[in-house]
Amino acid sequence: MAAPETVIPELEHALDVPCLRPGAMEGLQPFVAKPEHNEPLGFPGELVPDWKEKALEKMAELADKNRGFRVYLDMCVKCGACTDKCHYFIGTGDPKNMPVARQDLLRSVYRRYFTFAGKYFPWLVGARDLTEDVLYEWYSYYHQCSQCRRCSVFCPYGIDTAEITMAARDILAHVGIGQKYSNEIIGKVYKIGNNLGLPEPALANTLEGLEEDIEEETGVTVRLPLDEKGADILLVTPSADFFAEPHVDGLMGYAKVFHEAGVSWTISSYASEAANFGMFIGNYENMRQISLRIRKAAQDLGVKRIIFGECGHAWRVAYSFLNTLAGPFDFLDQNYPVPQHILDFTWGEIQKGTLKLDKSRNDHINLTYHDSCNVARASRIGDYPGSQFEIPRNVIRAVCNNYHDMDRDTTHESTLCCGGGGGLLTDDLTDLRIKGAAPRMTAMQKLTEEHGTTHLAAICAICKSQFTKVLPKYGYEMDAILSVHQLVSNAVILTGQETQEDAGEPAEAAQAP
């Protein structure tokens with residue numbers, strides 16, 4: 001039986017408060033992991049017989065180890081500041097997708113077993129028993145949170161809903177209810193080195209093909225090295241960059257920038273993945289194991305620097321956790337950021353005048369920019385506050401003539417999620433993803449009406465994949481989503497490259513899409 005057609009939310013404004021639709025998304029859930037997906041990650045293969053005891057033990061452990069988790073569960077005063085800040089609530093109208101209501105699915109159980117009032121007067125404080133129905137309610141609604149942390153920006157107490165979602169998923173996994181999508185991907189990283197399960201021979205063949213594409217386009221030989229010992233830079237990028245548009249176009253942009261900068265660099269087949277889905281499942285041990293692969297690759301190849309490609313949550317893990325999980329990185333050159341974002345590197349080269357850029361090569365594009373959540377609310381890109389907002393826009397303006405920002409209350413630290421982050425980029429959640437994208441798409445549609453905007457740029461692999469899926473649902477072409485380094489690749493003129501103008505063709509030919 002075919003799934004019902006998704007009803008596209010119609011919003012007059014990106015931040016419209018929806019009419020309440022209790023139970024609208026009840027029971028929606030991603031596929032549950034099978035034993036072969038759970039066990040390699042250290043989780044039981046299926047729901048354990050003593051699941052209640054195990055779940056409460058894990059909750060107690062998390063509350064003991066993670067002071068923030070306990071504080072977040074204890075301090076909410078139900079002020080309502082977060083209620084309309086979630087894109088999934090705006091897109092679905094389900095009141096359990098209000099951040100405070102979603103938190104309370106776990107908080108009510110915590111109160112029942114870990115607070116005096118909840119133990120003796122549960123009806124007074126909204127405490128409830130942990131039952132199997134509650135467990136699967138968690139599985140449903142904690143996979144309707146993309147861990148974007150937008151609600152946390154508006155919480156007067158700074159409650160981080162993402163931490164509660166991560167804890168809930170970790171508890172579920174420890175009793176045998178893991179998510180197939182994320183767990184299967186982590187298993188591929190352990191077995192092969194990347195999320196796609198792309199083995200070294202296939203990766204080498206892909207990189208050789210991209211080298212041929214660049215030479216055919218420019219007439220210049222640009223290398224995409226693999227496993228080269230002694231290179232200065234280890235590029236760690238999402239495996240989507242090896243596989244599909246617009247990701248591969250961004251990878252070719254990185255290669256051109258490195259080429260013009262005159263630096264030696266390499267990709268590692270052992271750690272050919274920047275993404276770290278350990279964060280999505282809320283399990284720090286799996287986050288650590290994936291991070292340690294990057295450390296080992298850097299040491300084995302003898303590099304001096306680590307640069308991360310365009311990936312939102314990968315950069316959050318790198319910026320916020322990498323040194324704690326896999327450090328110290330004292331074997332790297334301390335004169336450079338450890339780690340460094342590719343946009344920080346590229347902006348530095350633009351400022352130095354290393355890159356010859358022709359902005360008119362992007363004149364067929366009328367662009368706006370999507371601040372990816374994990375970059376916007378969990379990191380910097382440069383060495384100063386707000387660099388995560390300024391540097392991407394600086395690079396874009398250096399390579400594009402036609403650029404406009406969306407409404408300020410939908411960008412920067414208030415940015416709206418793409419709708420597919422946090423381990424939700426799976427076809428079994430397509431309905432949720434389309435509805436969750438409604439606020440961002442509405443903000444873009446407004447810009448299209450005002451300025452004729454045609455394209456959207458992003459620096460997150462998940463955002464790019466998500467927008468490829470949802471843009472057509474909102475009246476745009478599938479290829480309207482671009483990598484920022486795709487724009488750089490379009491604009492940069494390599495040393496020795498013969499342009500169409502050099503060949504005597506009219507300038508308009510260089511500007512054609």
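## Cysteines

Cys155 is buried in this predicted model, with a relative accessible area of 17%. The cysteine sulfur closest to that of Cys155 belongs to Cys79, and the distance of 6.0 Å is too far for a bond. Cys151 also counts as buried, at 9% relative accessibility. For the sulfur of Cys151, the closest cysteine sulfur is in Cys82, 5.9 Å away, which again is too far for a bond.

A disulfide is a covalent bond between the sulfur atoms of two cysteines. A search of the whole structure finds 0 of them. A pair of cysteine sulfur atoms would have to lie within 2.5 Å to count, so the 6.0 Å between the sulfurs of Cys155 and Cys79 rules that pair out.

## Overall build

The protein contains 24 helices and 7 strands. Taken along the principal axes, its C-alpha atoms fill a box of roughly 85 × 50 × 50 Å. A compact globule of 513 residues would have a radius of gyration near 24 Å, and the 23 Å of the protein agrees with that.

Of the 513 residues, 59% are buried. Among contacts with a separation of 6 or more, 79% are between residues 24 or more positions apart.

## Surface and charge

## Cis peptide bonds

The peptide bond from Gly327 to Pro328 is cis, and its omega is near 0°. Pro328 sits in the loop between helix 16, which covers 322-326, and strand 4, which covers 340-341.

Val338 and Pro339 are likewise joined by a cis peptide bond, with omega about -5°. Pro339 is found in the loop between helix 16 and strand 4. One of the residues in contact with Pro339 is Ile306, which is described below.

## Positive phi angles

Arg149 is not a glycine, yet its phi is positive, at about 70°. The residue lies in the loop between helix 8 (132-141) and helix 9 (150-154). With a relative accessible area of 18%, Arg149 is buried; the cut-off for that class is under 20%.

Asp227, another residue other than glycine, has a positive phi near 55°. Its place is in the loop between helix 12 (200-218) and strand 1 (233-236). Asp227 is partly exposed, with a relative accessible area of 31%.

## Tyr270 in a loop

Tyr270 belongs to the loop between strand 2 (265-267) and helix 14 (284-301). At 33% relative accessibility, Tyr270 counts as partly exposed.

Apart from neighbours within four places in sequence, Tyr270 is in contact with Gly193, Arg293, Lys296 and Ala297. Between Tyr270 and Ala202 there are 68 residues in sequence and 13 Å in space, C-alpha to C-alpha.

## Val395 in helix 19

Val395 is part of helix 19, residues 387-399. Its relative accessible area is 0%, so Val395 is buried.

Setting aside neighbours within four places in sequence, the contacts of Val395 are Leu343, Thr346, Trp347, Ile350, Val484 and Val488. Thr426 is 31 residues from Val395 along the chain, and the C-alpha atoms of the two are separated by 31 Å.

## Ile306 in strand 3

Ile306 lies in strand 3, residues 305-308. At 2% relative accessibility, Ile306 counts as buried.

Once neighbours within four places in sequence are left aside, Ile306 is in contact with Leu234, Val236, Ile294, Ala298, Phe329, Leu332, Pro339 and Gln340. Asp94 is 212 residues away from Ile306 in sequence and 43 Å away in space, C-alpha to C-alpha.

Key: Residues numbered from 1 in each chain as written. Predicted model: local features only at pLDDT ≥ 70, side-chain atom pairs only at ≥ 80, totals over all residues. Heavy atoms only, no water. Helix = DSSP H or I, 4+ residues; strand = E, 2+ residues; numbered from the N terminus. Rg over C-alpha atoms; globule rule 2.2 N^0.38 Å. Buried < 20%, exposed > 50% of the residue type's maximum accessible area, 1.4 Å probe, protein only. Contact = heavy atoms within 4.5 Å.
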